[in-house]
Amino acid sequence: MLTLPASLKELSSRTKNALTILLDRIKSQSSLEYLMSKCTINECIKTAICDPLFINHKNIIHLTEHSSLEIIGHHDELVQVFINLIENALYAMKNSQDPKI
């Protein structure tokens, strides 16, 4: 039986590991693309505003719609970004006399 030199075994092992990582990334990327869809920024903001966290703040959160940018992305993740932004804005204005978002 033929035995490989140690340096060639190591190179072979590193190549196998690199290919495994690459294939895992391709698999992961294709599954993420599956979750992406067309949505508008306004849709994401409206969904975020309807979150139960903001039920007591409906009088200070307003969305004025003009045109809306259509994007391709992960709707739920974008909604979470807007939820975080609204929470941060509410916290920043907690001592304001007339807060408006």
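Me: Which residues are exposed on the face of α3 turned away from its buried side?
Reply: This is a predicted model, and in it a residue counts as exposed when its relative accessible area is over 50%. On the face of α3 that is turned away from the buried side, the residues that count as exposed are Glu 77, Asn 88, Tyr 91 and Ala 92.

Me: Against which element do the buried residues of α3 pack?
Reply: The buried residues of this helix are Val 79, Phe 82, Ile 83, Ile 86 and Leu 90. They cover an arc of only 105° around the axis, and therefore lie on the same side of α3. The element against which these buried residues pack is α2 (41-49).

Me: How far apart are the end C-alpha atoms of helix α3?
Reply: Helix α3 takes in residues 75-92, which makes 18 residues, and at 1.5 Å a residue it should span 26 Å. The distance in the model agrees with that expectation, because the end C-alpha atoms are apart by 26 Å.

Me: Does Met 93 count as buried, partly exposed or exposed, and what is its class called?
Reply: Met 93 lies in the segment after α3, and, leaving aside neighbours within four places in sequence, it is in contact with Pro 99, Lys 100 and Ile 101. Its relative accessibility is 22%, so Met 93 counts as partly exposed.

Me: What pattern does the chain follow along the sequence?
Reply: The chain contains three helices and two strands. Read along the sequence, these elements follow the pattern α-β-α-β-α.

Terms used: Residues are numbered from 1 along each chain as its sequence is written. This is a predicted model: local features need pLDDT of at least 70, side-chain atom pairs count only at pLDDT 80 or more; totals for chains, interfaces and linings use all residues. Side-chain values use heavy atoms; hydrogens and water are left out. Helices (H or I, at least four residues) and strands (E, at least two) are DSSP runs, numbered from the N terminus. The expected span of a helix is 1.5 Å times one less than its number of residues. Buried means under 20% relative accessible area, exposed over 50%, partly exposed in between (1.4 Å probe, protein chains only). The arc is that of the directions from the helix axis to the C-beta atoms. Contact means heavy atoms within 4.5 Å.
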